[in-house]
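Subject: Structure for your files, with notes

Dear colleague,

Please find the structure below, together with its sequence. My notes follow it, beginning with the aromatic rings and ending with a few individual residues.

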Amino acid sequence: MSHSPDATPNPLVIRSLEFLGGMAESGGWRPPPDLPEVAFAGRSNVGKSALLNRLVGRRKLARVSNTPGRTREVNFFKVNDRFVIADLPGYGYARVSKERRASWRPLIEGYLGGSTALRGVVLLLDSRRDPSPDDLAMREYLGELGAPSLFALTKIDKLSRAQVATRVATLAQTLDVGEDQIVLTSAETGRGRDELAEALEALLEAPPWR
Ligand code: GDP
């Protein structure tokens, strides 16, 4: 269920979604930074496409982002003519060489370090796994950058209540983040969709940090 009508009002009603294009390399083409941007990052297979689909309620987003050639780009989507989702390429795919694995850094860090429109970053982490070295590097980078950040635990439907509590406590400590920065999500059940939408709104409404 993406949103039940008898619950609190949907914090993010999607009226339009437009693919603006992809940024293939650091310093390469990107859309003009006219609207505030929120970036979504995470390792490959973390469930980013599924969660973004759930957030916007359209398959279009994942369809574009998973198109061969676009999987290694930063893909930009304009939402409601009001803000932009920057879908960062999934990093750390286990089956590519170590050299290729590190290749995500220039593009992702180039975008995050350079976008004047960036209002915040959502880092997705698989709730069933310990953070990978890449996840930790990403978290560290966000800390250095000073960008407002949220941590979305994905696939939470796979864990029991007790496992969730332990996972949240461990992650908060490992990543050095407050539990209030952690959002529990499941693209499968829709859990956390509205909390994530609300947190996005807060990022968009906050004064620019850079
Ligand atoms: P991406 O590479 O980060 O875009 O990951 P995908 O969205 O393609 O998801 C990777 C795999 O995880 C797929 O097999 C999904 O079906 C599965 N998956 C994604 N989200 C969830 C979730 O919330 N719960 C469960 N159980 N599986 C999920």
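This is a predicted model: local features need pLDDT of at least 70, side-chain atom pairs count only at pLDDT 80 or more; totals for chains, interfaces and linings use all residues.

A search of the whole structure finds three aromatic pairs, where rings of Phe, Tyr and Trp (its six-membered ring) pair if their centres lie within 6.5 Å, and where planes under 30 degrees apart count as stacked, over 60 as edge-to-face and the rest as tilted. In one of them, the rings of Phe19 and Phe77 have centres 5.3 Å apart and planes at 45°, so this pair is tilted. Phe19 belongs to strand β1 (residues 17–23) and Phe77 to strand β3 (residues 74–79), so the pair ties together parts that are 58 residues apart in sequence. Helices (H or I, at least four residues) and strands (E, at least two) are DSSP runs here, numbered from the N terminus.

Phe19 is partly exposed, with a relative accessible area of 23%, while Phe77, at 0% relative accessibility, counts as buried. By these terms, buried means under 20% relative accessible area, exposed over 50%, and partly exposed in between (1.4 Å probe, protein chains only). Another aromatic pair, formed by Phe76 and Tyr111, is edge-to-face, with 5.7 Å from centre to centre and 70° between the planes. This pair links distant parts of the chain, since Phe76 is in strand β3 and Tyr111 in helix α4 (residues 104–114), 35 residues apart. Both Phe76 and Tyr111 are buried.

Residues are numbered from 1 along each chain as its sequence is written, and side-chain values use heavy atoms, with hydrogens and water left out.

As for the overall architecture, the protein has seven helices and seven strands, and along the sequence they follow the pattern β-β-α-α-β-β-α-α-β-α-β-α-β-α. The radius of gyration is 16 Å, close to the 17 Å that the globule rule gives for 210 residues, so the protein is as compact as a globular protein of that length; the radius is taken over C-alpha atoms, and the rule is 2.2 Å times the number of residues to the power 0.38. Taken along the principal axes, the C-alpha atoms fill a box of roughly 45 × 40 × 35 Å. Of the 210 residues, 50% count as buried. With contact meaning heavy atoms within 4.5 Å, 76% of the contacts between residues at least 6 apart in sequence join residues at least 24 apart.

Helix α1 (residues 48–56) is mostly covered, with eight of its nine residues buried. Among the buried residues of α1 are Leu51, Leu52, Leu55 and Val56, but also Lys48, Asn53 and Arg54. The helix is followed by Gly57, whose phi is positive, near 70°.

Leu204 lies in helix α7 (residues 193–205) and is buried, with a relative accessible area of 12%. Although Leu204 and Phe83 are 121 residues apart in sequence, they are 7.9 Å apart in space, C-alpha to C-alpha.

Two backbone angles may also be worth a look on your screen. Lys155, in the loop between β6 (149–154) and α6 (161–175), has a phi near 60°, a positive value in a residue other than glycine, and at 22% relative accessibility it counts as partly exposed. Asp176 sits in the loop between α6 and β7 (182–184) and has a positive phi of about 55° although it is not a glycine; at 64% relative accessibility, Asp176 counts as exposed.

Lastly, Asn10 is found in the segment before β1 and is partly exposed, with a relative accessible area of 26%. The C-alpha atoms of Asn10 and Ala39, which are 29 residues apart along the chain, are separated by 21 Å.

With best wishes
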